[in-house]
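Dear colleague,

Please find below the structure that I am handing over to you. My notes on it follow directly after.

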Amino acid sequence: MIELKLRDEFKGKRLKGTTVDFTNQSQTGALQQNAADFLRITYPSHDLLKTIESTGPGQSRPLAMIGSRGQGKSHLMAALYHLCKDPQGGREWLDQWAHTLGDDKLKQLQLRNDCHVIAESMHLQRYQYLWDVIFDNHPKGEAYRTVWEHDGENKTAVPGYDILFKMFQDKPTMLIFDEFQTWFEGLTNTKQHPRRNWAFNFIQILSEIAQSNPELLVLAVSVRDGNSDAYQQIRRVNPVDVDFKGPYAKRDRKRLLLYRIFENRIQAHESEIELLIGNHMSEYFRLENTPEQDREKKKAEFIESWPYAPHLLQLLDDQVLVATDAQQTRDLIRILVDLFKHHDPKDAIVTAADFSLTNEKSAVGSLLDSVANQEHKDLREKAQRNLAAVKENILNASQVVPHAEDIISSLWLRSLNVEQMRGAEPHNLQIDITRDKAIDDNAFEVELAQIVDNSFNIHQVGGRLVFKQEENARAKLLSYAKNNRIFREGEHAGKDIDHLSKLIEYVLGGDSQVSAKFRVLMLRNHWDTDPWSDLEERFHPKLWDDKKLTVLVLPEYPEKRDATLGGWLKTHLQENRNTIRFLLPQKGMDNVFYDRELIVLARAVYLAQEWHKNDPKAGYADLAKSFSKDELVPKLKARFDRLALLNVWNYADPAKCVFEEERLNSQGDKIPDEIDKIIREEIFIPEDFEEYVLLLAQSNESVGKLLKDLREPRPGGKPCIPWLGETELKEKLLRICAHGEIAINLRGTEHLQAKPGEDASDAWNRMKGKLGAGSHLFETIIQLPDSAAVSGGKVAVGPADPTAGDAPSGNTLPNLFGGGVAPPVTLPIGQGNGTGGNDVIKEPTVVRKLAHPTSALNLTGQLESWQVKPATPVTNIRLCIDKMTGAQLDKFLKSLPDGFTYGLELDKEAD
């Protein structure tokens, strides 16, 4: 017996996706592999051979691949890329398959070997304009881009025919545009930038060149719909259409599935397969009453479909998947792989009975994930309850109904079909449970009767048995929720988006404790062009107060993040630009408002709440809670996981703005607090804040100016100081003051400054809460402290510099520029206390005062604040002047009073 081997990507516990990406960050994309590896998993289907032939030398028609998602368009285009990029490897692949299939026509196919191949998956939106794909990737692209862009007044809106023709003359090219329709339909037209019209015209130019000069240009695109606007210009030149609907499509699809799933399926001999499944085929022919003349043809189908029964493949392909939103080949591979991995290895053939309802790892899960239909999931639950009831109600069930699970599983799967074919006749179920041994007809009839009698959801419809669930509130609710028309017109128009937005804000904004500190706003569909019109006026920026930190939630991760967010801030926010925290969704996910699953769930919650008002007893309140709590909210909590914060601002060129991005580990209403913690502990640099505070202190600026400045980005390319909120920043300002680095004048009523010898924590407790708020902050002045505060509250006594030598004698004024010091103050010895001894009079405490360079008027004010009166003696005076010209210095020295001596030091540029 041949042992089938799954390909490596299907052997793990978690099935890897079968989606074909041209490129990805992990460097495992289809175009990032070498040709041999990719072609090794590629079957030469009729559609692929047609693709090769229509793009070969001498052909003169563009190629259009038309089909819905998951049919294999991307795989065929990637194969075309490798065949032309590596024609030698492509030739070897064709010759090998010619030998394997015994078809010499494959050897006669010619491959292009003279083209530069450009392939791009357009849905990734890496290019705004189609011609940029060509200019950026063609060997001569930059040169011809320059010619077009510098054509002066003659420059056209799109690169013209002549420029492209000459470029392709320099180097013939094959253009492969995957997901072209997705990209095209995302374009918009405005008066200034009619991008869709430009793309429409440009593709016409490419189509005409490809048709008239195939030796210069081969054009291949993929679209979902042959009637789409994206396809119209190509259609004008009569392209070769590959639509996956030809006479060989069904046969090729089956072969492709098996070749894609198994490494060695093609090596299995027909005689071995026939021996393995002989009993099953015999029972099939008998129970289906297959005419003798049709049995050989049917036998060939069984052998070609092995290890799967052909009636299973037909059931999945033609009935179950057609009735759902599954992505056809892509999802079918996933289902079949899971089915094979979890079926009983003793069974030589896989049937509908292998969709185990009790094994959570079976293909049932992947099937339900693919069809994404809640009704089918509900039916599975009913089938499981029916199976439990059968086992509970029948004594010795394992002997009386040994095939109960297989029969119910098969009937459940067949009940997912379209209406006309729903359910199964009894002989269909008997075929499904037949493996290497025939099952007695009478025994099966008795067993089936027992199962039907003890089940509460199996119904007899004519000669067929069908699993049914009667209409219930949930089914009705989902039916309405999936109807787009209801939410596009009438009373419910737009309510789904509005409800989803508010729910996201609630999930992230949390309870009153969180919402009291943070303003969480979910931007809607037009967040990038018109963010405020969809929000209530009370949420507009002009009405934001300073009590909350603003978190703006984006529905999608922006392409070119820094340029997009920088431009957004410049265009849509005129003030407080540095206060914004952007919360972004996971990379690679669709716009939250275009996510079908989320929208349907949001609609269901909204409708359940509305219907409950009119029918409180129907259970809609419970359904609203279930949809919201169990399904929608968990998805929304995990959706947003990135913080983007402005770092470097560039008003003139927002594209040069720089944002810091941080990954978040929290979910839901824990996110705002984590954002705040990250900014405070990881992004905020206390030294930058302190430096800016000291700069303002030198100019005696107000606290109000400090806070106003911090709400805006720093100019000149300097890193922004993150906005922590007014309360937090005022607290940090007072901390600086408590450490003696600044002083704060509270509107002339009180002077906050660290006292000599005072501990910083004590100073903080004395100062906290005194800054006030509102307009008072603009009257609260930040100043530099006197010397006592600068020295940390310690007293400065005696000479500051012990190495300065002897001080001048007599009445001397200290060096104006710091060159000398006054001598220590020594008081005369007084009379004794009557005992004959001398009493030493202690030196008075000296407090050092300091004022940084400012105007003479401000210095006079400082003398008043220090209580230096006309009779107050002062010593050790130093006067510091930042800079003067020679003339100013000469005039200053001549104005000094006589009777004192002065020292002089200065810095002068070398001659």
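The structure holds four cavities of 30 Å³ or more. Please bear in mind that this is a predicted model.

**Cavities**

The largest cavity has a volume of about 110 Å³. Its lining consists of Arg519, Trp544, Asp545, Asp546, Lys548, Leu549, Thr550, Asn576, Thr579, Arg711 and Trp723. Sorted by class, five of these lining residues are charged, three are polar and three are nonpolar.

By class, the lining of the second largest cavity has six nonpolar, four polar and two charged residues.

**Aromatic pairs**

There are 26 aromatic pairs in the structure. One of them joins Trp131 and Trp148, whose ring centres are 5.8 Å apart; their planes meet at 70°, so the pair counts as edge-to-face. This pair links distant parts of the chain, 17 residues apart: Trp131 belongs to helix H6 (residues 130-137), and Trp148 to helix H7 (residues 141-149).

**Backbone geometry**

Two places in the backbone may be of interest to you. Most residues other than glycine have a negative phi, and most peptide bonds are trans. Gln125, although not a glycine, has a positive phi of about 55°. Gln125 is placed in the loop between strand S2 (116-121) and H6, the helix that also holds Trp131. The peptide bond from Trp306 to Pro307, in turn, is cis, with omega near 15°. Pro307 is located in the loop that runs between helix H15 (292-305) and helix H16 (310-320).

**Surface**

Which residues make the nonpolar surface patch of about 260 Å²? The patch is formed by Leu893, Leu904 and Leu906. Of these, Leu906 is found in the segment after helix H37 (886-894).

With kind regards

Methods:
Residues numbered from 1 in each chain as written. Predicted model: local features only at pLDDT ≥ 70, side-chain atom pairs only at ≥ 80, totals over all residues. Heavy atoms only, no water. Patch = residues over 30% accessible without salt bridge, like charges linked within 9 Å, V, L, I, M, F, W, Y side chains within 5 Å. Areas by Shrake-Rupley, 256 points an atom, 1.4 Å probe, with all protein chains shown as cover. Salt bridge = Lys/Arg side-chain N within 4 Å of Asp/Glu carboxyl O. Helix = DSSP H or I, 4+ residues; strand = E, 2+ residues; numbered from the N terminus. 1 Å grid on protein atoms, 1.4 Å probe; cavity = no way out; pocket = protein on both sides within 12 Å on 5 of 7 lines; lining within 4 Å. Points joined across faces, edges and corners; volume = space filled by probe spheres on them. Nonpolar A, V, L, I, M, F, W, Y, C, P; charged D, E, K, R; others polar. Phe/Tyr/Trp six-rings, centres within 6.5 Å; stacked < 30°, edge-to-face > 60°.
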